[in-house]
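Subject: Handing over the two-chain model

Hello,

I am passing the structure on to you with this email, and I would be glad if you kept it open while you read. The notes below it are meant to be followed slowly, with each residue looked up as it comes.

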Amino acid sequence: MNALEITRKDLLLLFRDRRTLSVLVALPLAFIAIIGSSTGQLFSQAGAARKIKVGVVNAQQGELSDRIVQELEGISALELSNFEDRPAARTALAEDKIHVLLYIGPSYVARVDALEVFDLFHLQQGRLKHKLEYLDIAVESGSFLANASELVREVVFAKTYQTFADTVIKKDKGLALHIKRASDKSAPESEGESPEFPPDPTQSLSELSSGAKNFNSIVYQTVVPGYTVMFVFFIVTFMARSFIGERDLGTLNRLQLAPVSRPGILIGKTIPFLIISLVQTALLFLAGRVLFGMEWGAQPLLILPVMLCTSIAATSLGLMVASLVRTEAQVSAYGNFLVLTMAGISGCMMPRNWQPELMQQLGLVTPHSWALIAYDQILNRPEPEMAVVVKCCVILLAFALGFFSIGWWRSRELE
Amino acid sequence: MSLLEVVDLRKSYGSHVAVDGLSFSVEAGEVFGLLGPNGAGKSTTMMMLAGLRSADSGSVTIGGYSFDCGRDELKRILGVVPQDLAIYPDLTARENLKFFGRLHGIRGAELHNRIDRVLEQIGLTQNADSYGHTFSGGMKRRLNFGVALLHEPRFVILDEPTVGVDPQSRSHLLDCVRGLCSEGVGLIYASHYMEEVEALCDRVAIIDKGKLLTSGTLDQLLSDSRADLHLRVRGRRARIGPRLVGLADVEPETVVDGQTEVQVVMHRDRRDSSFAINDRLSLVLEILKQAGAEILSMETKEFNLERLFLELTGRRLRD
């Protein structure tokens, strides 16, 4: 009962401390927004910022080469701009005004005319063995996509293939008729003269790029839980400061003089931060959804136990740190070092999937990692594996128990 | 049985003995003064009385309860005014009182009434809804005092409650202490202000190095001591000193306006008969006359609590 009085008092003090509140809620929100903006995923920027800028030099200027441009324009992830000549486009590429340079050479139509049906289906043996090079098409990637230049060439080749394949097939009347019949059988309602051709090799890429919402959310699906977990653990420094403040004010002695037990004092002082932590997490997830279009996964209710277990682990760590440090300076030095190091190791700052295997394993010594694994399971998997979520929650509670036990033992001077 | 019973209390920090077998008692309605220089063991004793430190041995019972047996009951009858302020600066005076009142299990109308009464008692009714951080030093001290009274304790520990306060607040706080005393509350009062202790306390204990040096009522302590007679004399110590051996002490020479002076001090026990001092004084005056010394002034210095304290604990600086 008396513990609740301490809780009530601390909540009142916390609500009067605007700086603490802003650091706990506004700061992580700002961080998430900044990271989102940096990756081009904030509000209306989402469409524009995500696009890959392609500079096109069409030296051929024919119907067939125009079809390549049209195909590429159909990919929402690309933003095309035309250049008069290759040097001008190269300058733009060097200045990072465009990310990719697509050059369609003057021999393109002639090269396509030379193709046989055999070449379409025997890419390794036929004329298309050298792909874009044969077609007199060149693709150059700027620094933005330097590491993905091969992938970019493959996409361009696939799209180009799509544009000329029917032209080549029409050379073989029998095959064209056969494909037309097969197409009519499988899709009787379809109209138009164009026969169906081999499956579009870029279909999956197109789906990915056209699925703007999915791609858009990927950043926030990772950034929001990452920074949320990091800032949840920042509660550690505030808790430690609260205990030190109580000690410095002399009111910790007053609490001990009142008929309140040691567990009462510890629990009373821990609960407000647990509540703040839960509110903080809920607000950040809500903001992630409302402001940034983040999705809560197939089973959003699973977020709740992970939130709770993470906050319990964070506040228990806070209690432990509070019992170990003696001064504000120690809180700043050790508390911040601990919180930032744990966040860095665990993958709060950089997605765990980007980390090397060793770091991922090392991260498992922090509660943060287990929280992130659970959130990844819930937010990013079509069917979250319940066993993984439960395991993460149990491990988070085990961390909490360990931290609380040390804090309990260290605070024995309260009796 | 006394309200507070302290028996053979001991506490050591490593090899340092902070409190060495202290025993005393305080009755209901009595103010007991605890004096001691810095490092005497006063604060450790107060902490042990308040239950904030555990004793190595010995016992403390307040109202029949001890911290080993009846801890919560003891806390309910004990009020502590710590030396350092112990209030929340970001809560108002009323909120501070309310919080600590609720911690003691006081609720509803009773809590409301007690808060109003204490605010009146400590003179903060007009500032009840102002934040602690806006208060002057004296107001903070008064609030610090009020927090200890809200649960109406039977025994109050006051550890230098008037440090750094203005005369008005000090006077108000001392009046509050007297008021509590008249209500039958027992108090132990630690202070460095001797005049406060002399003005408030029925009995006084002086401790140093963890040991009790003396204790008793002020009359008992001061009646056993001296009232010295000081003669300011113009003359040389070498000439006067040897002639007064056994009759008076001659302090080192000082030069005032180019003239050499000495203080001749005749120690006088309060129990000396006036005849004895008269005889001695006549003899001293005669000797001074023979030595050609001119008497400039004569005064009696009463042996008050401060002089007794310094005599018992020494003049060496304490850290």
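Predicted model: local features only at pLDDT ≥ 70, side-chain atom pairs only at ≥ 80, totals over all residues.

Residues are numbered from 1 along each chain as its sequence is written, and chains are lettered from A and ligands numbered from 1 in the order in which they are written.

**Confidence**

The model scores ipTM 0.76 and pTM 0.69. For single residues we use pLDDT, the predictor's confidence in each residue, from 0 to 100. Chain B has a mean pLDDT of 88, with 95% of its residues at 70 or more, and chain A has a mean of 82, with 87% of its residues reaching 70 or more. Within chain B, confidence is highest in helix H3(B), at 96, and lowest in helix H11 (residues 305-313), at a mean of 77; helices here (H or I, at least four residues) and strands (E, at least two) are DSSP runs, numbered from the N terminus. Within chain A, H15(A) has the highest confidence, at 94, and helix H10 (residues 203-210) the lowest, at a mean of 45.

**Chain B and its buried strands**

Chain B has 11 helices and 14 strands, and of its 319 residues 39% count as buried. A residue is buried if 20 or more other C-beta atoms lie within 10 Å of its own, exposed if 12 or fewer, and partly exposed in between, with C-beta atoms placed from the backbone.

Which strands pair with E7(B)? Two strands pair if DSSP finds at least two bridges between them. Strand E3 (residues 31-35) of chain B runs parallel to E7(B) and is joined to it by 4 bridges, with Phe32(B) as the bridge partner of Ile188(B). Strand E6 (residues 155-159) of chain B also runs parallel to E7(B), joined by 5 bridges, and there Leu158(B) is the bridge partner of Tyr189(B).

E6(B) is likewise largely enclosed by the rest of the structure, because 5 of its 5 residues are buried. Phe155(B), Ile157(B) and Asp159(B) point one way from E6(B), and Val156(B) and Leu158(B) the other way. Strand E5 (residues 78-81) of chain B is joined to E6(B) by 4 bridges and runs parallel to it, with Gly79(B) opposite Val156(B).

**From E6(B) to E7(B)**

E6(B), helix H6 (residues 167-182) of chain B and E7(B) make a right-handed β-α-β unit; right-handed means that, with the strands pointing away from the viewer, the path from the first strand over the helix to the second runs clockwise. Thr162(B) lies in the loop between E6 and H6 of chain B, and it counts as buried because it has 24 C-beta neighbours inside 10 Å. Thr162(B) and Leu173(B) are 11 residues apart in sequence, and their C-alpha atoms are 7.5 Å apart in space.

**Core and contact between chains**

The largest nonpolar core has 147 residues, of which Phe233(A), Val306(A), Leu187(B) and Tyr189(B) touch the most other members. Such a core is a set of buried Ala, Val, Leu, Ile, Met, Phe, Trp, Tyr and Cys residues joined through C-beta atoms within 7 Å.

The contact between the chains takes 18 residues from chain B and 15 residues from chain A, where two residues are in contact if their C-beta atoms, placed from the backbone, lie within 7 Å. On the side of chain B that touches chain A, H3(B) gives the most, with 4 residues.

With best wishes
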